[in-house]
Amino acid sequence: MLSLFRGFVAVSYKEALHMRRDSMAILFALVVPLFEMIILGAAIDTNVRQVPTAVYDQSGIMETGTTEGTGDSRALIDRFRNSDTFAVYRYVHSDRELNEEMVAGRARVGIKIPYDFDRNLVRGDSAEVMVMVDGSDSTVAGQAVNVSTSIGLDESMRRVLSSGQQMPVDVRPKMMFNPDSRSPNFFLPGLMPVLLLMVTVTLTAFSIVREKERGTLEQLLVTPVRPLGLMMGKLMPYFALSLFETAVILVFMRYAFQVPIHGSVPLLILLSTCYLFVNLATGMLISTKANSQSEAMQLATMTLLPSIFLSGYIFPVDNMPQIFQMLSKFIPATYMMEISRGVILRSAGLPELWLNALKLFASGVAVLLIAANRFRKMIV
Amino acid sequence: MPAIVTENLTRRFGKFTAVDRVNFTVERGEVFGFLGPNGSGKTTVIKMLIGILPLTEGKAFVDGIDVSADPESVRHRIGYMSQKFSLYDDLTVDENLRFYGKAYGLRNPELEKKIREMIERNALGPYVDRQAGRLSGGWKQRLALSCALLHDPTILYLDEPTAGIDPVARRKLWDLLFELSGQGITFFVTTHYMDEAERCSHLAYIYYGRLIADGTPDSLRALPDITPSGSRRFEISTANVTSALRKARAVPFVKSATIFGRSIHALVKDSITQVELENELRARDIEVEEIRALMPSLEDVFVELTYKKQKEAEVANA
């Protein structure tokens with residue numbers, strides 16, 4: 001059994017030396033993810049605020065002769081302004097102008113209050129308001145629709161209920177785990193698996209190809225080193241390195257971006273090792289397939305996009321079509337996403353997460369065995 | 001028990017037969033020179049013998065062990081130095097030695113002892129901390145040889161070990177090989193240099209996958225294909241070789257003639273004496289400076305064998 005891993009110590013000794021000699025490249029591999037983290041952590045805020053809004057208040061113009069009306073239409077516009085979601089930057093005089101603002105992208109939202117708005121309210125008829133939303137950004141659009149609908153509802157309730165009367169149903173949402181709904185708190189725990197993927201797969205993807213390219217592999221094959229010994233030996237120094245990177249990312253997240261880690265840090269690191277392992281093994285598999293370093297780089301990059309889009313990092317898995325939900329189950333980042341968000345945000349523990357970690361570990365073993373087998377066929 | 005035995009060793013890549021039913025036996029302690037034109041299958045044979053390329057057909061025994069059945073055991077007994085420098089450029093001399101020692105399962109104190117021994121034997125002392133990529137060609141070869149010898153192999157395969165290194169380093173490397181050969185190590189060497197071939201105790205010549213000569217240098221020189229019965233070789237030194245060649249070829253009892261530097265090698269009927277030849281040449285207006293009987297060189301041998309095979313192939317194709 002142990003003889004299957006023959007050469008493990010020798011190969012990890014050698015790989016560690018390569019790493020030391022090539023410290024610039026290694027440093028680069030470690031620092032780039034931190035930059036990406038800074039960009040995503042500092043620049044991206046998914047909370048929609050101050051959406052540029054243009055208003056065409058026909059009703060107000062009828063009453064006052066100016067574009068800024070008074071009375072009921074004016075009161076409604078103020079409700080929109082006070083919501084923090086809409087920023088009215090311009091009043092327009094015509095449908096054509098309103099349309100132009102939308103098409104040019106200057107206004108994300110256009111509000112049109114028809115000339116009979118005030119009159120209908122006074123009469124007790126239903127007064128219509130049109131809210132046009134630019135659908136090209138779904139986050140902004142969704143928020144604009146929700147907020148404008150609830151402003152309308154609220155305004156209606158106020159008019160229907162006589163003063164002093166209570167709301168028949170009072171819904172009070174409470175945001176758990178991320179009460180201030182800070183974007184970094186949500187984004188960075190999800191980003192962690194992506195960053196770790198970037199580091200790990202490329203590190204090992206180069207390792208065997210490089211020996212193929214330099215002609216050192218042949219000499220290595222003549223030694224009694226066994227395929228599994230070679231694979232594990234190459235994997236080990238990079239495993240230590242990526243474990244270090246995990247710690248650096250966590251420290252950055254906690255102290256530079258003030259993301260509170262609600263669960264246990266040692267548990268998070270322990271479970272992360274399974275994820276690191278499957279990624280390093282994937283890199284190894286790529287390495288047996290690719291014939292040159294540039295080919296390895298391309299294959300490694302190919303693993304990145306599905307992991308970003310199908311793992312639930314950006315788009316929730318539950319919203320995906322059936323087939324993509326199936327696909328997401330084959331992506332290690334999906335499970336790591338559960339683990340990191342679980343531990344960091346929800347304070348989840350081993351009972352909730354062990355199955356994710358086990359799946360990652362098992363697939364790591366499977367991938368490594370496939371890689372070792374491919375490698376064996378490559379030689380004898 | 002011989003060091004290496006092959007029985008109908010064959011390797012095909014798709015429809016192309018790179019090595020075709022090759023049979024030879026290398027005895028223990030021999031310096032076996034394996035020769036042939038580029039692309040004729042030399043490296044393919046080596047790769048099969050060291051167990052990194054499966055045989056398509058036939059058998060190969062190294063130290064009595066069937067290479068196909070037990071490549072693992074074979075690996076412990078052999079050392080290999082490939083055509084291209086194949087150690088790690090970014091590792092130092094000491095680190096390269098240490099890695100290969102560990103890869104062959106050496107442990108301290110044995111490992112340290114062997115590393116010291118290799119450094120001393122090959123005078124690598126001043127370079128232990130230098131990265132291998134910064135060594136000159138000759139020193140790289142010595143390091144590669146040291147790495148291949150660390151685990152005390154009984155057979156050492158060297159694939160064109162002296163390609164691209166200077167003549168002094170070349171000579172030193174061969175001296176070292178003979179010293180090791182004296183200690184009982186068997187050498188399997190491929191080369192293009194005829195002077196190196198002359199130094200081998202056993203030669204084989206492979207031509208497009210087929211073994212066409214096998215024996216000691218002297219037995220190859222004596223092959224009837226090279227010096228057909230009823231003929232002798234002479235070397236004729238002359239001032240104007242090109243015109244002399246034309247004139248010499250016109251002599252009825254000269255069977256063939258080729259230029260070697262500032263002289264002509266001629267194959268002549270053995271009923272003709274050296275004096276008769278000289279007189280005939282002078283009669284044909286050739287300024288003969290010196291004339292002497294000649295043993296065929298190994299270059300003659302391989303060139304003749306190659307021509308003969310090419311002619312056979314042409315006949316077969318026609």
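Predicted model: local features only at pLDDT ≥ 70, side-chain atom pairs only at ≥ 80, totals over all residues.
**Sheet of chain B**

I read six strands in the order E6-E7-E8-E3-E9-E10, with mixed pairing. I noted strand E6 (78–81) and strand E10 (210–215) as the edges, each pairing on one side only. From one strand to the next I found an average twist of 15°.

I then looked at one pair within the sheet. Strand E9 (residues 202–207) and E10(B) are antiparallel and share five bridges. I recorded Asp214(B) in E10(B) as the bridge partner of Ala204(B). As background, I noted that the strands of a sheet pair through backbone hydrogen bonds, either parallel or antiparallel.

Helix H11 (residues 298–317) of chain B lies across strand E3 (31–35), E9 and E10. To E9(B), helix H11 of chain B runs at about 30°.

**Hairpin of chain B**

I looked up strand E1 (residues 4–13) and strand E2 (residues 16–26) of chain B, which run antiparallel and are joined by seven bridges. Opposite Val5(B) I found Thr25(B) in E2(B). The two strands form a hairpin with two residues between them. In the turn, Gly14(B) has a positive phi of about 65°.

**Nonpolar cores**

I looked for the largest nonpolar core and found that it has 148 residues. Leu49(B) and Tyr157(B) have the most contacts inside this core. Helix H8 (residues 183–214) of chain A gives the most to the core, with 16 residues. I listed what Tyr157(B) touches, leaving out residues up to four places away in sequence: Ile46(B), Leu49(B), Ile50(B), Ile78(B), Tyr80(B) and Phe188(B).

**Contact between the chains**

I recorded 23 residues of chain B in contact with 19 residues of chain A. On the chain B side, the elements giving two or more residues are helix H2 (71–77) and helix H3 (93–103). The largest share, five residues, comes from H3(B). By type, I noted 12 nonpolar, five polar and six charged residues on this side.

**Domains**

I noted that chain A is divided into domain 1 (2–44 + 182–379) and domain 2 (51–160). Their centres, taken over C-alpha atoms, are 50 Å apart. For chain B the assignment gives domain 1 (4–216) and domain 2 (231–295). In chain B the two domain centres, taken over C-alpha atoms, are separated by 42 Å.

**Backbone exceptions**

I kept in mind that most residues other than glycine have a negative phi, and most peptide bonds are trans. I found a cis peptide bond from Asn108(B) to Pro109(B), with omega near 5°. Pro109(B) is placed in the loop between H3 and helix H4 (110–121) of chain B.

Where do Gln258(A) and Ala123(B) lie? I located Gln258(A) in the loop between helix H10 (227–256) and helix H11 (265–289) of chain A. Gln258(A) has a positive phi of about 55° although it is not a glycine. Gln258(A) is exposed, because 11 other C-beta atoms lie within 10 Å and the limit for exposed is 12 or fewer. I located Ala123(B) in the loop between H4 and H5 of chain B. Ala123(B), not a glycine, has a positive phi of about 55°. Ala123(B) counts as exposed, with 11 C-beta neighbours inside 10 Å.

Technical notes:
Residues numbered from 1 in each chain as written. Chains lettered and ligands numbered in written order. Domains from an automatic or database assignment. Contact = placed C-beta atoms within 7 Å. Helix = DSSP H or I, 4+ residues; strand = E, 2+ residues; numbered from the N terminus. Nonpolar A, V, L, I, M, F, W, Y, C, P; charged D, E, K, R; others polar. Pairing = 2+ DSSP bridges. Core = buried A, V, L, I, M, F, W, Y, C linked by C-beta atoms within 7 Å. Buried ≥ 20, exposed ≤ 12 C-beta atoms within 10 Å, placed from the backbone. Axes fitted to C-alpha atoms, helices over the stretch in contact; angles between N-to-C directions.
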